[in-house]
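Trainee: Please pick one part of this model and walk me through it closely, with the cut-offs as you go.

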Amino acid sequence: MKANKLWKKVAGMGLVLMLSATALAGCGGGSKTEGGAQGTPAAAGAGTLAKIKERDKLVVGVKYDLNLFGLKDPATGNVEGFDIDIVKAIAKKVLGDENKIELKEVTSKTRIPMLKNGEIDAIIATMTITEDRKKEVDFSDVYFLAGQSFLVKKDSSINGLKDMQKGMKIVTAKGSTSAKNIRASAPDVEVLEFENYAEAFTALKAGQGDALTTDNALLYGMAKQDPNYRVTEETFTEEPYGIAISKGDAEFVKTVNDLLKEMKENGEYDKIYEKWIGTKPKK
Amino acid sequence: MDFIGAYTPSHLTFLLEGFWVTLQVAFLSIVFSFSIAIVVGVLRYAKIPGVSQVLGTIVELIRNLPLLLIIFFTYFALPEVGIKMDKFWAAVLALVIFEAAMLSEIVRSGLNSVEKGQIEAARSSGLSYVQTLWHVVLPQALRRMVPPIVSQFISLLKDTSLAVVIALPELMNHAQIINGRNVNYVIPTFLMVAVMYFVVNYALSVVSKRLENKHA
Amino acid sequence: MIDFSILFDHMDMYLEGFWNTLQASLLALVGSFALGTLFAIFRISPIRPLKWIATVYVEFVRNIPLILVVFLFFVGLPAIGIVLEPFIAGTLGLTVYTAAFIAETIRAGILAIPKGQTEAARSSGLTYGQTMRYIILPQAIKVVIPPMGNQFINLVKNSSVLGVIAGLDLMYFGDLIAADTFVTFDVYIFVAVFYLILTLPLSAFVSYLERRLAGSR
């Protein structure tokens, strides 16, 4: 009987505490809205290297749904691809062991919030360097140069931007540069945006679009997955991929840039490139 | 349609892994939202000047918004004002906010259904207002609330699937990954997913009916 | 503070989304009311197979997530050769899902009408269908109006899943604006306001009806 009463008391107090914590969190959030937008991101971003060394693990946001760059195999649970090999190279350089990594799934839409959250140390997820994004994050040097083209059914009449016609439906992912580019280059087509490329490809396969547009690098992976689809040869943009790092962390950016240079010089980069893309990188 | 290709052991384990995450999210959300709902429901029932009105307005606003919007909000918008959490907790928080509002309304109307005469009797027999609430009103009200609360729990379990939009690796997310491999897996996979949700939810509703009959 | 330029600069997108959300909700309401009534009648009908079909439908659909139903229409149907526009696939999914709940609401309404009325109507020579149509349903509808109002509020809220399949609704456009501008916080607040414009008056109306119904008893 006594125990019962005590339990009730504790439970009651716990609830009140929880509720007030929620209320407080709400207030704190509200007051930050006013000045916080421009805040001091530099302070928040610095020291990623120290953080990585302290936990003895590199946490990176990568894609899980992109053949050749970052793809999770449901059978083995492993994530593999070009981006993952870059992650491993960084881990090897910073921590001396390429296996001291933790991968987290990101999408085009979730990656910037996750980096700002501090959930991940860096984004290596086929992310194009743009002026808009530079306001939000810092980028390394270009680690992969891609260009936007189309993924279409084998027998499709679409061979490039010139074949875009009014009434065509082009699918892509929300928050991607590809969506902005296609709207600007082919204003007549209808652009449908999905949560990520896997959903967009599922929609394309389901006949919900005439073509899927994004960087050819990603499209090759999808075409490899499903031989009923092909990638149009011509590209209509240049998409330089960069590794995104918290704003203001010059130290970590330099480490990554030094490593990229090193890898290009000692041939390791070419090896990874050929392993996944099948050809040597263009010089 | 390719049932054999869709139901390989590795695909089925993959789906079950997703379902395990779904169940974890649902369980945590149920515990937190139900606790908060009781407090909010009682505070609103008690008609404390100011508090009851403010809580009432908040509950009313949340109840009238789509859960999907709240998920987007906790995951994408809260970090902008400095409140940061990972996908899992963003999903749990969104569900707790939404379901607590829905459940608190059930709690409040459950409390209201207890006859006023009983409260007067309890008070005149010397119990304080809080004692009356805790020992007389709440136990009776809770019993009456069982069916609507369980059906809200069922909704909650189903609603966890909306976390697919933030790529939380739950059941629906895993199903979509399998679907991405081959169009012919889509219908068999969705069928399996439907069965998984159905089994748990149907079991919940049977338990609810049992409880109802026991107390009636 | 809240940045209103994010609202005014993209007003056309918000409004298009708002309009499509309203359309999807209304279409799904009409559709699910028709389908729901049909299944409610099936479920209480004396014809066994109809009863079974309706029971399986209602119990199954009520216990699976809405987004699963919508995905089935969006990517499942094409697997068997039927391709629907995202908006239509989404609205159909909403209709099929909501119909299960409406069927239950209406069945409860019908069961609330005293059995004696059915017996009286039948013994005065009306067929089962006629009894339903002229005696039971008109009365049942009155009882189910407030819960139907709640279902409509749910529909408006649930229609946000169209945003996931590029259904051009309010959630979809809001999400696009958020992804393009990075000002997610403010954008979602505006999206919330647009939803509340639809749902708050509805829910005030429903509670008015509920009070009136309670008072008239």
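**The second largest cavity**

Mentor: Start with α8(B), which gives the most to the lining of the second largest cavity, with 3 residues. Helices here are DSSP runs of H or I with at least four residues, strands are E runs of at least two, and both are numbered from the N terminus. This is a predicted model, where local features need pLDDT of at least 70 and side-chain atom pairs count only at pLDDT 80 or more, while totals for chains, interfaces and linings use all residues. Residues are numbered from 1 along each chain as its sequence is written, chains are lettered from A and ligands numbered from 1 in the order written, and side-chain values use heavy atoms, without hydrogens or water.

A cavity is a set of points, on a 1 Å grid over the protein atoms alone, where a 1.4 Å probe fits but cannot get out; lining residues have an atom within 4 Å of a point. Points are joined across faces, edges and corners, and volume is the space filled by probe spheres set on them. Ours comes to about 90 Å³.

From chain A, the lining takes D65(A), E105(A), N196(A), A198(A) and E199(A); chain B brings V164(B), N173(B), Q176(B) and I177(B). Besides α8 of chain B, α8 of chain A also supplies at least two residues. The lining splits into 3 nonpolar, 3 polar and 3 charged residues, with Ala, Val, Leu, Ile, Met, Phe, Trp, Tyr, Cys and Pro counted as nonpolar, Asp, Glu, Lys and Arg as charged, and the others, Gly among them, as polar.

Definitions and conventions
1 Å grid on protein atoms, 1.4 Å probe; cavity = no way out; pocket = protein on both sides within 12 Å on 5 of 7 lines; lining within 4 Å.
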